[in-house]
Amino acid sequence: MSLFFTMKERRDDMKKVFIVLLALLLVSCASAPSYKEGQYEGVSNGFQPNLKVEVSVDSEGKISDVQVIEHQESANEIPAVSQALEEIPKAIVEKNSTEVDAVSGASRTSEGIMNAVEDALSKAK
């Protein structure tokens with residue numbers, strides 16, 4: 001048994017490394033969602049029922065805008081709810097995902113917005 005690798009063994013090892021790296025690259029690209037361009041409405045329940053959003057998807061298949069168009073949440077009484085109604089849509093656009101952090105003190109409103117956006121995006125597939 002030799003302590004040195006032959007050129008063929010080195011080449012075979014490099015091929016294996018290349019194949020593994022290529023597979024990892026393909027998996028990471030496949031996990032990025034892509035949607036059909038357009039505007040879509042979604043609905044879910046926050047703390048109150050019928051929280052509606054409008055989601056815009058650009059020509060690249062990315063979320064370009066999220067607007068809460070109708071809600072019955074207690075935004076005037078609870079500052080955290082008002083904060084969630086403003087910040088969650090921005091975070092979703094920024095991350096191009098509904099997997100964002102909820103606003104403390106308004107977790108049901110935050111989750112309602114995320115779920116409504118998921119409902120809208122289900123129509124964009």
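Colleague: Why is Leu-24 called exposed?

Modeller: Leu-24 has a relative accessible area of 54%. The scale calls a residue buried under 20%, exposed over 50% and partly exposed in between, with a 1.4 Å probe and protein chains only. Leu-24 is therefore exposed, as 54% is over 50%. Note that this is a predicted model, in which local features need pLDDT of at least 70, side-chain atom pairs count only at pLDDT 80 or more, and totals for chains, interfaces and linings use all residues. Residues are numbered from 1 along each chain as its sequence is written, and side-chain values use heavy atoms, with hydrogens and water left out.

Colleague: Where is Leu-24, and which residues make a nonpolar surface patch with Leu-24?

Modeller: Leu-24 sits in helix H1, residues 7-30. Together with Val-20 and Leu-21, Leu-24 makes a nonpolar surface patch of about 300 Å². A patch takes residues with over 30% relative accessible area and no salt bridge; nonpolar side chains (Val, Leu, Ile, Met, Phe, Trp, Tyr) are joined within 5 Å, like charges within 9 Å. The areas come from the Shrake-Rupley method with a 1.4 Å probe.

Colleague: How many helices and strands does the protein chain have, and in what pattern?

Modeller: The protein chain has three helices and three strands, in the pattern α-β-β-β-α-α along the sequence. Both kinds of element are DSSP runs numbered from the N terminus: helices are H or I with at least four residues, strands are E with at least two.

Colleague: What makes the pair Glu-70 and Lys-52 a salt bridge?

Modeller: The closest N and O atoms of Glu-70 and Lys-52 are 3.9 Å apart. The rule asks for a side-chain nitrogen of Lys or Arg within 4 Å of a carboxyl oxygen of Asp or Glu, so the pair qualifies at 3.9 Å. Glu-70 in strand S3 and Lys-52 in strand S2 are 18 residues apart, and the pair links distant parts of the chain. In general, side chains of opposite charge can pair when their charged atoms come close.

Colleague: How many salt bridges are there by this rule?

Modeller: The count comes to three. One of them joins Glu-86 and Lys-90 at 3.5 Å, N to O. Glu-86 and Lys-90 both lie in helix H2, four residues apart, about one turn of the helix. Asp-119 and Lys-123 also meet in a salt bridge, at 3.7 Å, N to O.

Colleague: Why is Ile-92 called buried?

Modeller: The relative accessible area of Ile-92 is 0%, so Ile-92 counts as buried. Ile-92 is also in helix H2. The residues that Ile-92 touches include Ile-63, Val-66, Ile-113, Met-114 and Val-117, with residues up to four places away in sequence not counted. To touch, or be in contact, means heavy atoms within 4.5 Å. Ile-92 and Val-66 are 26 residues apart in sequence and 7.6 Å apart in space, C-alpha to C-alpha.

Colleague: What do the buried residues of helix H3 pack against?

Modeller: They pack against strand S1 (38-44), strand S2 (51-57), strand S3 (63-70) and helix H2 (79-95). Among the buried residues of H3 are Ile-113, Met-114 and Val-117.

Colleague: How do you know that the reach of H3 is close to the expected one?

Modeller: Helix H3 (residues 107-122) has 16 residues and reaches 22 Å from its first C-alpha to its last, close to the expected 22 Å. The expected span is 1.5 Å times one less than the number of residues.

Colleague: What makes the link between Ser-56 and Gln-39 a polar contact?

Modeller: The side chains of Ser-56 and Gln-39 are in polar contact at 3.3 Å. The limit is a pair of N or O atoms within 3.5 Å; within protein, one must be able to donate a hydrogen and the other to accept it, and residues adjacent in sequence count only if both atoms are side-chain atoms. Ser-56 lies in strand S2 and is buried at 10% relative accessible area.

Colleague: Is Asn-96 buried or exposed, and where does Asn-96 lie?

Modeller: Asn-96 counts as buried at 16% relative accessibility, and lies in the loop between H2 and H3. Phi of Asn-96 is near 55 degrees, a positive value in a residue other than glycine.
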